[in-house]
Amino acid sequence: MISLILTILYLAKDTVHRWFTRASSPLARVLVVYFLSLCALCFLGSYVISAKAIRDKIRSRGGDLVAAFFSLPENGQSHCLPSQSEAEKLLGADSISIIPAGSASIGENRYVQIITYDFRRAAQFMPLLSPSGGPALLYPEDEAPLPPGPADVSLIGEGGESFTAMVRHLPADHLLMRLQQNGALLVPPDMLENRGQKRNLRYRRMIFQVNKLENAESLHHVCRFLNRLKKYEKLEGSVSSAAALLEEMDIILGNQTQCRAVFCLGIVAIVGILLTALAGMEYRQNEFIYTLMKSFGIHPLLLVGTFIVENLLLVAASFAGAVATFMYSQKIIVSQFFKMGQYSLTLEEIMPEIQLISSTLLFCILVSSIPIMVAANRQIGRVLK
């Protein structure tokens, strides 16, 4: 055990001595791996950012939504439609369901659609009503024609009653505002029933927002569920989504994956050749000493392991420096060189690319040890003769 420790210490001291006496060898490995890794991170990072930008643009234009319009049978019950918790559990999507119930006038030739809701989703809509539980005029905050506060509203149709509703501004990305982009008058269902408009409550407009939009399959999953529900419950209506657009995007991203593979193969070739050449040269320069150590009983694997550990330390330090540089300066790289705006990546988002490059470098280290294995297993007599 003591001899093994002393041997390891000697090999470590010999490695450090070689670094100081021939500094060009470790320096070449560090610089080549550092700059190649940094270039690879910039290239692959731009790929990730472009995919992220495309997904954000698709999402902002409703690409993560599945819209459905159903008409219940005359004696149908609304319990066949999924509730908010059921949609979250079964489909991994946030959802909202409204019942169109006519239109209302808010004065000066301004009209808005009346909507209400099922009692199963009351908890989702109650916070949107006025403080007294009465009707509320809901608008996107950036396009609201009325300021927050009370407003006079008149129902259009039978009765034509007037009442006061509370104007509320909601964020533009609120799910209800994505469904009702021009605003809506939210009225409790019991209020509509008292006004004799129960006949209009057969129709349901539903919208599902996929929480994790990875690919087109996320939307297809929701569409399949709704189409089966429509078939088995004998509902009339339609289901629509942007799944076809996402499928085209998936094809484009799949083609870019091939470019990533070719780029990584180039890194393997350059780093692998460099590490193999330098490791082989350094072993030949010290081959006589290593052969003497073998004659004293040192196992060849210990000598090979020395070069593997040496390359591993140098490559790991270089790659860690490249990752740190990229994460620190990525905003400058992305905005100035790739003209991608103010997008940036978190460590979690770039982690698959880091794992890809690191596994590529690890493969290079293992390949570079093959000539050392061959040389370390040469017969002692042929070297010492």
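1. Let's start with a helix pair. Helix α2 (residues 24-60) packs against helix α11 (residues 347-368) at an angle of about 145 degrees, and their axes are 10 Å apart. The crossing of these two helices, α2 and α11, is right-handed. Please keep in mind throughout that this is a predicted model.

2. Here is who takes part in that packing. From α2 come Val 33, Ser 37, Ala 40, Leu 41, Leu 44, Gly 45, Val 48 and Lys 52, and they meet Glu 349, Ile 350, Glu 353, Ile 354, Leu 356, Ile 357 and Leu 361 of α11. Sorted by class, the contact of α2 with α11 has ten nonpolar, two polar and three charged residues.

3. As a general reminder, nonpolar side chains tend to be buried together in soluble globular proteins.

4. Setting aside neighbours within four places in sequence, Ile 357 is in contact with Ser 37, Ala 40, Leu 41, Leu 44 and Phe 319.

5. Next, a serine in α10. Ser 318 lies in that helix, and it counts as buried because its relative accessibility, 3%, is under 20%. Not counting residues up to four places away in sequence, Ser 318 touches Arg 29, Val 30, Val 33 and Tyr 34.

6. How many disulfides does a search of the whole structure find? The search finds zero. Cys 42, for instance, is in no disulfide, and the nearest cysteine sulfur, that of Cys 39, is 6.4 Å away. Cys 42 is buried, with a relative accessible area of 13%. Cys 364 is also buried, at a relative accessible area of 1%.

7. Where is Cys 80 found? Its place is the loop between β1 (65-71) and α3 (84-91). Cys 80 is classed as buried because its relative accessible area of 14% falls under 20%. Leaving aside neighbours within four places in sequence, Cys 80 is in contact with Leu 72, Leu 229, Glu 233 and Leu 235. Cys 80 and Glu 233 are 153 residues apart along the chain, yet their C-alpha atoms are separated by 7.3 Å.

8. Now for a backbone detail. Lys 234 sits in the loop between α7 (216-232) and β9 (236-241). Phi of Lys 234 is near 55 degrees, a positive value in a residue other than glycine. For background, most residues other than glycine have a negative phi. Is Lys 234 buried or exposed? Lys 234 is exposed, because its relative accessible area of 69% is over 50%.

9. Finally, the chain as a whole. The protein chain has 13 helices and nine strands. Of its 385 residues, buried ones make up 44%. Among contacts between residues at least 6 apart in sequence, 80% join residues at least 24 apart.

Definitions and conventions: Residues are numbered from 1 along each chain as its sequence is written. This is a predicted model: local features need pLDDT of at least 70, side-chain atom pairs count only at pLDDT 80 or more; totals for chains, interfaces and linings use all residues. Side-chain values use heavy atoms; hydrogens and water are left out. Axes are lines fitted to C-alpha atoms, for helices over the stretch in contact, and angles run from 0 to 180 degrees between N-to-C directions. Helices (H or I, at least four residues) and strands (E, at least two) are DSSP runs, numbered from the N terminus. A crossing is left-handed if the near helix is turned anticlockwise from the far one by less than a right angle, and right-handed if clockwise. Contact means heavy atoms within 4.5 Å. Ala, Val, Leu, Ile, Met, Phe, Trp, Tyr, Cys and Pro count as nonpolar, Asp, Glu, Lys and Arg as charged, and the others, Gly among them, as polar. Buried means under 20% relative accessible area, exposed over 50%, partly exposed in between (1.4 Å probe, protein chains only). A disulfide is a pair of cysteine sulfur atoms within 2.5 Å.
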